[in-house]
Amino acid sequence: MITAPKLRAGIAAAVALGVAAALSGCASSSPLDSGASSSSDSKTIVIGSQAYYSNEIIAELYAQVLEKDGFTVKRNYQIGQREVYLPQLQKGAIDVMPEYSGNLLQYYDKNATAKSESDIASALEKALPKGLRALDAAEATDQDSYTVTKEFSEQNDVTSLSDLSKVKETLTVGANSENQTRPYGPKGLKSVYGVTVQSKAIEDSGGALTVKALKDGTVQLADIYTADPSIKANDFVTLKDPKNLIVAQNVTPVVSDKVDDKAAADIDKVSKVLTTDALIELNTKSTVDKEKSSEIAKAFLQEEGLL
Amino acid sequence: MNWVLSNLDTIWDDTVAHLAVAVPPIIISFLLSIPIGWLVVRLRRPGASRVSSGLGGAVVTVAGLLYAVPSLPLFIALPGIIGTGLQDPVNVVVGLTLYGLALMVRSTVDGLGSVDAATTSAATAMGYSGAQRFFRVDLPLAGPVLLAGLRVVAVSTISLTTVGAVLGIQSLGSLFTDGIGRNIPEEIVSGIVTVLVLAIVIDGLLVLLGRAVMPWTRKDTTAKRRARRVLQAAEATS
Amino acid sequence: MIIGQAFAWVVDPTNYGGPDGVQARLWEHVWISLLAVLIASVIAVPIGYLIGHTGRARGLAIALSGGIRALPTLGVLTLFGLLLGVNLQAPLLALVILAVPSVLAGAYAGIESVEPVTVDAARAQGMTGWQILTRVEIPLGLPLLIGGIRAAVLQVVATATLAAYVGAGGLGGYVFLGLKTQDYAMMLGASILVIALAIAFEIVFSVLQRAVVPAGVAERSTRRHPGSRERTRTPLPEGTPS
């Protein structure tokens with residue numbers, strides 16, 4: 001006999017089960033598996049991106065061009081830093097990743113001495129592990145830079161990193177925390193340019209917080225990526241790097257073996273039209289016009305006749 | 001506002017991902033806390049003035065200490081202990097369940113412990129077996145207090161899930177990390193508002209569920225008053 | 001074992017010393033947490049006492065507190081960081097706002113926990129409202145107030161770890177540095193330090209909470225006869241550990 005207590009228990013159980021079932025259904029279809037399982041379908045290409053809006057736009061460019069050519073694309077964006085997604089790329093959980101040539105090389109070969117774009121490209125070929133290959137680099141660069149305000153530059157007569165050693169005040173660099181361990185970080189500044197700097201970790205990859213810190217004078221130098229629209233917008237001065245401490249960072253697609261020649265050719269089409277100015281334009285659309293990466297990518301590809 | 005309207009799909013995606021990570025811990029911690037609460041009450045020595053004395057007391061104290069552990073460090077420490085990946089959502093689910101347990105055990109112990117001894121004796125006298133008595137008498141009587149605790153756990157879990165975003169786990173917290181990278185305050189605000197709305201909605205659903213499952217609480221009876229008192233005392237020192 | 005490496009990082013003397021050393025960050029963390037709770041207390045305790053004593057605006061206070069408690073701390077931190085920059089004010093303001101509900105609730109719950117019989121007795125003895133507040137309600141309500149402050153401190157210590165994301169320093173700096181460079185030992189070591197700090201505060205405040213119970217009340221509780229309903233002195237901790 002179904003008594004009132006049993007009915008109540010039944011309602012509660014049904015609700016709980018229903019919620020659990022619905023959500024597990026959602027969970028398995030949403031991109032939650034950040035690399036725990038490798039991609040199952042051999043025709044699906046998984047495109048990843050860093051936790052960096054500009055990188056996501058480039059990834060979206062690749063994705064849409066591949067989709068136009070008939071590939072099924074799965075997007076797995078905002079993954080995190082190199083140290084997190086490269087193992088997944090090697091495992092085959094991700095197939096395509098927009099990367100930056102210099103940093104990628106230094107990740108695999110800490111003693112790399114290549115400085116110019118072509119040197120880095122050939123060194124990268126040798127340094128990448130089995131199963132990964134780098135496609136043609138784009139002309140666009142988006143590298144770390146040490147940037148100062150216009151006032152600082154004029155007051156201290158500083159236009160390049162070699163001028164920094166004559167500045168008397170204590171210099172603090174605002175950058176992501178990993179800057180402290182990178183070759184071009186404080187250690188590199190000391191050994192190559194003889195400049196001692198302190199670090200202030202601001203985790204927004206040269207974004208609004210870092211820009212504000214630079215403007216407020218909380219930091220004197222900021223690591224702002226060269227394709228960031230805020231440099232021009234705020235009249236900042238990017239310090240020149242005559243000794244090539246910061247190696248070139250051309251946008252380079254890194255792909256797994258699953259990416260065949262047809263797909264590689266599609267991605268190359270994007271690389272051919274991606275200049276630094278174009279990248280700055282794309283970034284501006286994201287941060288100033290606040291558009292979505294999918295729309296920015298679509299508009300750009302249509303302009304270039306690739307879509 | 002424009003940004004919100006044109007990015008509703010992103011907000012929706014993040015909400016679904018958020019719920020997928022937040023709801024299982026709420027359910028699991030509730031279910032797990034019941035046997036633990038039962039055990040603690042069972043271990044209470046007859047005539048003791050406090051429920052939390054002896055072994056039972058130790059369990060409650062451990063739960064309290066667990067609550068003291070800050071969330072981000074816990075999510076980071078868990079992979080080493082249970083072997084999940086750092087960016088594995090299961091990691092966050094386990095962490096959230098632990099927090100839910102820490103909150104819920106206290107409530108379950110209070111609820112089950114507040115069941116009048118005279119009532120349970122009467123039930124035994126009528127012939128109820130131990131298990132029958134637990135499910136038909138103790139649990140329903142403790143129901144309002146359990147519900148109060150569950151509501152707190154739900155709101156807490158939904159808010160806490162956002163922390164996972166700094167580790168790269170998709171949730172409404174992703175709106176915060178993306179918003180700060182692209183300098184879009186509207187994105188951050190939309191994330192905060194959505195989390196609050198979600199908390200209110202789920203809290204409301206739990207209240208409705210409580211009324212459906214415990215019809216005797218629909219009127220303002222002693223049970224409801226007791227639950228309210230527990231909730232108020234809870235609000236006080238948290 | 002990674003836990004072993006984490007402990008090794010914690011006790012490694014080379015990590016200490018210098019402006020970026022562990023001890024500097026630890027001190028930053030403690031200092032900003034206590035400062036935030038202090039400011040929150042200065043704001044919330046008088047208001048809480050007023051609410052508890054006069055009984056008015058209680059519903060509003062509860063609703064506001066509940067709303068603030070449900071706020072996702074990362075969201076509040078990033079929003080304030082975006083609007084106010086990376087100097088100390090932004091995270092401090094966010095931390096103060098997050099600490100206020102607990103302290104407020106502790107204050108008015110403490111006042112309200114005083115039995116009406118006691119207040120009546122005090123009034124019958126001729127005490128003015130102010131005297132009742134300061135001589136009866138506040139001392140009797142101290143344990144719950146300390147409980148509220150304790151919850152606030154825990155919340156703030158936890159949130160201060162996150163605050164490093166917007167440049168606030170503290171032990172969270174090591175957490176994010178370790179995350180970005182996949183140095184799990186550092187991440188875990190810093191996390192262990194934060195956990196230890198939280199537990200240390202928890203112990204200090206629970207001792208304090210027991211210590212401020214007025215002598216007469218403490219004596220009375222131990223003589224309580226069995227079967228009477230116990231007052232939950234350390235009730236359900238609400239709100240996010242964040």
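Me: How many residues of helix H8 (residues 173-182) of chain B are buried, and how is burial to be read?

Reply: A residue counts as buried if 20 or more other C-beta atoms, placed from the backbone, lie within 10 Å of its own. In H8(B), 10 of the 10 residues are buried, so this helix is largely enclosed by the rest of the structure. They run from Gly173(B), Ser174(B), Leu175(B), Phe176(B) and Thr177(B) through Asp178(B), Gly179(B), Ile180(B) and Gly181(B) to Arg182(B). This is a predicted model, in which local features need pLDDT of at least 70 and side-chain atom pairs count only at pLDDT 80 or more, whereas totals for chains, interfaces and linings use all residues. Residues are numbered from 1 along each chain as its sequence is written, while chains are lettered from A and ligands numbered from 1 in the order in which they are written.

Me: Which helices do the buried residues of H8(B) pack against?

Reply: Two residues are in contact if their C-beta atoms lie within 7 Å. In chain A, the partners are helix H2 (53-68), helix H8 (208-216) and helix H11 (276-287). Chain B itself contributes H2 and helix H9 (185-213), and chain C contributes helix H4 (73-84).

Me: How many helices and strands does chain C have?

Reply: Helices (H or I, at least four residues) and strands (E, at least two) are DSSP runs, numbered from the N terminus. Chain C has 10 helices and zero strands, and its pattern along the sequence reads α-α-α-α-α-α-α-α-α-α.

Me: What do burial and contacts show for chain C?

Reply: Chain C has 242 residues, and 52% of them count as buried. Among its contacts with a separation of 6 or more, 77% join residues 24 or more positions apart.

Me: Where in chain C is confidence highest, and where is it lowest?

Reply: The predictor's confidence in each residue is its pLDDT, from 0 to 100. Chain C averages 81, with 88% of the residues scoring at least 70. Confidence in chain C is highest in helix H2 (residues 22-54) of that chain, at a mean of 90, and lowest in helix H10 (residues 215-222), at 65. Over residues 224-242 of chain C the pLDDT is below 50, and this stretch has 57 contacts in the model beyond near neighbours in sequence.

Me: What ipTM and pTM does the model score?

Reply: The model has an ipTM of 0.80 and a pTM of 0.81.

How values were computed:
A residue is buried if 20 or more other C-beta atoms lie within 10 Å of its own, exposed if 12 or fewer, and partly exposed in between; C-beta atoms are placed from the backbone.
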